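These are my notebook entries on one protein chain. I set down what I looked up, entry by entry.

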Amino acid sequence: MAGKETKTTLHGYWRSSCSWRVRIALAYKQIPYEYVAVNLLKGEQVGEDFAAVNPNRRVPTLEIDGHVLHQSGAILEYIEETRKANPLLPADAFARAQVRNLCGIIGCDIQPIQNLAVMKRAAANYPEADQLAARMAWSKEWIERGFDALETELRKTAGKYCIGDSISLADLYLEPQVYNANRFKVDMAKYPTISRIVEALAEHPAFYAAHPSQQPDATE
């Protein structure tokens, strides 16, 4: 049973996709938490202070029920398994597999390839003046490749949301990735199903509360 008496603390960054997923889950499950900002642009995640919290030097990290969890997927599964209200996984086994398939496309095939460290490495051999454009092109290419597959899958599973008309973990992965797609100038008109779902999600209070613009460390 979850230890309700302990404080829940999220270490994250306002524009981190992985931190964002966890913020949505906490809001959706109505779990109060303290937020500790980790500035990725200043390199706070690689400092020794944060390494003592997360040896992998990544965000998010969630302290909950006396435990410390690091990977967003593990965090989301733990929250789902210990907080039964407002479920984020369907009861049906095949529907759960569909949710995890969509999460995998985003969380394994798209997002890691266009995170900050990978973008910098991908553009490292370009002249400094060209590195920003190279990072933008790299990220746009991989998001579009992933969204081509994701749009096809969602045509088979979506109702109002990714899986039918109930919010699931897949929706928590989707919204942050579309935000990144817009940052990298992806033409979302090519992905009408994705766009329609994200418009519906934006109306939900938990998704609004978790949006980067609502975080205390937001800079724009």
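Where is Pro60 found? I located Pro60 in the loop between α2 (48–51) and β3 (61–64); helices (H or I, at least four residues) and strands (E, at least two) are DSSP runs, numbered from the N terminus.

Entry on the source. I note that this is a predicted model, in which local features need pLDDT of at least 70 and side-chain atom pairs count only at pLDDT 80 or more, while totals for chains, interfaces and linings use all residues. Residues are numbered from 1 along each chain as its sequence is written, and side-chain values use heavy atoms, with hydrogens and water left out.

Entry on the loop between α2 and β3. I looked up the peptide bond from Val59 to Pro60 and recorded it as cis, with omega near 5 degrees. Arg57 lies in the loop between α2 and β3 as well. Its phi is near 55 degrees, a positive value in a residue other than glycine. I list Arg57 as partly exposed because its relative accessibility is 25% (buried is under 20% relative accessible area, exposed over 50%, partly exposed in between, with a 1.4 Å probe and protein chains only).

Entry on the domains. The domain assignment, which is automatic or from a database, gives domain 1 (9–86) and domain 2 (93–207). I noted 20 Å between their centres, taken over C-alpha atoms. The contact (heavy atoms within 4.5 Å) takes 16 residues from domain 1 and 16 residues from domain 2.

I then looked up the buried area, which is the accessible area (1.4 Å probe) that two parts lose on being put together, summed over both. Domain 1 and domain 2 bury about 1,600 Å² between them, with 65% of it on carbon and sulfur atoms. In domain 1, Trp20, Arg21 and Ile24 lose the most area to domain 2, together 38% of what that side buries.

Across this interface I found one salt bridge, defined as a side-chain nitrogen of Lys or Arg within 4 Å of a carboxyl oxygen of Asp or Glu.

Entry on Tyr161. I placed Tyr161 in the loop between α6 (131–157) and α7 (169–183). Tyr161 counts as buried because its relative accessibility is 8%. Leaving aside residues up to four places away in sequence, Tyr161 touches Ser166, Ile167, Asp171, Ile197, Ala200 and Leu201.

Entry on Lys185. Lys185 lies in the loop between α7 and α8 (192–201), and its phi is near 65 degrees, a positive value in a residue other than glycine. I list Lys185 as exposed because its relative accessible area is 61%.
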